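Please consult the sequence and structure below.

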Amino acid sequence: MDDGSGADIRVLHVDDEPSLTDLVSIFLEREAGDVDLSVTTSNSGAEALDRLRTERIDCVVSDYDMPGIDGLEFLRAVRSEHPDLPFILFTGKGSEEVARDAFRVGATDYMQKDTGTDQYTVLANRVVNAVSQYRAKAASERYGTAIEVLDSAVYSLDSDARFSSVDGVFCELTGYPRSEVLGKRFCDIVEESPEDIAEMFDAITSPDGPDTEGFEVVLSPGPNSAHDDLLCEGHLTARQTDDDELNVIGTLQDVTERRRHRDRIHYETRLKDAVLDTSTSLMGAEADEIGTKIEWTLQTVGEVTELDRCSVYLYDDETNVAARMHDWQGGHYTDHPDRISLEDARWLVERLHRFENACLHSVSDLPPEASDTKRFLGIVETGGFVTVPMVSKWSLVGFVVFDVVGEGRSWTDTEVDLLRSVGNNITHTLARQRRERELRRQNERLEEFASVVSHDLRNPLNVAKGFVELARDEDDVDHLGRALNGLTRMDTLLNDVLTLARQGRKVGETDSVPIEQVVERAWKAVDTGDGAELVVEDGLGTTPADEGRLQQAFENLFRNAIEHGSTVDRRAPDTVSEHGAAEPSGSPDVTAELEGRTNGQSAEGSASTPSLSVRVGPTETGFFVADDGPGIPEDERDVVFEHGHTTSESGTGFGLSIVESIVEAHGWEISATAPDPDLGGARFEFDLGGVRSEVEPRFSLSD
């Protein structure tokens with residue numbers, strides 16, 4: 001390889017792996033297209049610094065993790081001698097923290113190493129672009145002074161700081177006709193801080209003042225000006241005329257666009273720093289900090305970009321409804337709606353479904369077919385807005401809204417890209433929270449299963465083993481019956497454990513299920529005896545669900561009610577003890593009545609009231625299952641869903657745990673609540689509208 005002295009672009013590649021530097025050199029020179037690009041290599045930062053001092057280098061490509069001087073230390077050394085030389089950090093040890101530090105130290109670009117050769121085409125393009133921008137900037141600085149002089153307006157001021165002459169460039173720049181501006185004081189056309197110009201004029205014209213003063217000033221545009229405001233740079237120079245009178249010559253140049261460009265670069269740099277800082281914070285957030293960190297992210301980005309509101313919505317593609325989960329406001333404005341439906345914002349949601357950003361400078365820019373979205377945005381007083389989709393596993397799981405109230409707002413491509421990055425960071429954080437919670441649930445289930453195996457299964461196993469040994473020692477088969485009871489108990493426990501393990505899986509595909517139909521099928525599948533009755537109230541409606549698993553939940557609740565309700569004595573209160581056990585009265589009539597109720601009939605032979613009544617009905621956010629059994633003490637309502645919790649000698653303690661697992665798999669919530677006044681037993685409420693804050697590919701929202 002030649003030294004590349006005649007090449008258009010010379011690249012110095014620094015990496016401690018010689019084989020990699022050779023490979024990158026070959027591909028960079030080949031993938032540079034029409035550009036004559038030459039690559040030289042170094043295997044250490046110290047050697048590379050020596051080459052930079054003796055050779056012409058147009059761009060540096062450096063690794064990060066190197067012995068001796070790492071990539072960031074090498075970059076600092078380069079910047080101390082070459083402040084603007086293009087420098088690309090090309091590293092396999094990539095992270096948001098490394099990228100942030102690289103840009104803060106002064107890297108031109110950052111690229112993470114990947115597998116395959118396509119990455120070298122991307123790297124070659126970034127090298128060529130970086131060098132092109134560097135050379136354009138250098139040329140601009142080299143010739144800028146001469147161009148500024150050619151474009152400058154020239155004027156003169158008399159001893160009273162009034163315009164005595166102006167050239168055509170001055171009139172064109174300021175918009176003032178020559179006849180109107182002559183005789184005016186310079187301070188009269190200054191928009192901001194005219195006293196500063198007056199002080200500068202006094203200093204220039206004083207005997208011991210400076211010969212020349214530079215300044216920056218905002219002028220009031222004249223009647224012919226095309227500007228709303230005019231930022232100028234200028235100079236004042238005092239000189240004596242031939243007749244010894246004081247004369248001040250001044251120049252002006254429009255730097256409005258230059259200032260706007262400079263402010264835009266400064267703003268975008270601050271926004272990039274904010275995005276990097278918030279992404280680092282989100283990546284390191286603990287599970288219980290994520291909600292707070294998301295809202296801090298919205299606040300930080302909102303304040304830097306001077307927004308009025310930011311909101312995070314999670315979306316349900318079955319009902320086409322999105323729920324607001326996190327938000328921030330920069331003032332006292334109307335809240336974004338709690339829920340957004342497809343019908344209210346069809347134009348917006350259709351774009352999000354295509355994973356597109358929705359960006360508008362003003363709501364008035366919406367097309368005619370977006371009248372529903374325009375009406376909806378008008379209600380919440382939105383001006384300009386950017387909405388970015390939240391995408392997980394190629395599904396739309398939500399979106400983030402950034403907007404201003406009232407007037408419109410213009411958005412640059414860089415702003416929109418960075419706001420999209422904010423949305424992606426929030427999506428990844430919520431997905432991580434979901435995975436961590438699911439892993440924690442799985443670990444808890446494993447620990448609970450281990451407890452069942454080590455304790456609950458060991459007891460009936462010891463019973464069966466003990467009675468088998470007694471049967472063998474005493475040659476008495478009667479002991480085998482009690483051993484069989486222990487084995488039956490083990491079989492029941494094992495079935496419940498396996499059911500619970502299977503119910504822990506997330507619900508996949510769902511259908512719109514008639515709840516009343518599922519309730520009736522579940523009741524028929526349960527051995528309710530002869531004296532239990534089911535009452536189903538109107539208005540249960542339908543819900544998206546896995547029909548088989550929902551039926552399993554109802555079956556377990558019904559079995560729970562039958563199991564605990566069958567022990568309740570429903571005689572007159574004066575014949576029941578304080579703890580609910582029957583008091584022997586010795587009365588033949590009472591005894592006969594009790595025997596008749598046991599058989600489902602009264603003492604006279606007619607049908608008695610049911611031994612247990614179970615009721616299923618709708619609530620505002622779902623439905624309930626209640627019975628008139630013994631109920632659940634208030635201090636136990638929070639623990640009834642725990643594995644192994646039971647008050648029945650024959651129960652396994654897994655029935656309600658299975659119900660809770662089915663409910664959580666659907667994204668719902670279940671709770672044991674206060675009993676119905678007319679039943680007085682247990683009551684369980686299903687909340688189908690309780691949206692959890694973690695991201696799920698699918699979750700249900702109530703209409």
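Which helix gives the most to the lining of the largest pocket?

## Basis of the model

The model is predicted; local features need pLDDT of at least 70, side-chain atom pairs count only at pLDDT 80 or more, and totals for chains, interfaces and linings use all residues. Residues are numbered from 1 along each chain as its sequence is written, and side-chain values use heavy atoms, without hydrogens and water.

## Largest pocket

The answer is α9, with seven residues. A pocket here is an open set of points on a 1 Å grid over the protein atoms alone, where a 1.4 Å probe fits, with protein on both sides within 12 Å along at least five of seven lines; lining residues have an atom within 4 Å of a point. The largest pocket holds about 1100 Å³ of space, and among its 23 lining residues A107, T108, Q133, I265 and K272 are closest to the centre.

At least two lining residues come from each of α4 (96-105), α5 (118-151) and α9 (256-283). By class, the lining has nine charged, eight nonpolar and six polar residues.

## Largest cavity

A cavity is a set of such points from which the probe cannot get out. The largest cavity contains about 90 Å³ and is lined by 13 residues, with H336, I340, F376, L377 and V401 nearest its centre. β15 supplies the largest share of this lining, three residues. Nine of the lining residues are nonpolar, three polar and one charged.

Conventions. Grid points are joined across faces, edges and corners, and a volume is the space filled by probe spheres set on the points. Helices (H or I, at least four residues) and strands (E, at least two) are DSSP runs, numbered from the N terminus. Ala, Val, Leu, Ile, Met, Phe, Trp, Tyr, Cys and Pro count as nonpolar, Asp, Glu, Lys and Arg as charged, and the others, Gly among them, as polar.
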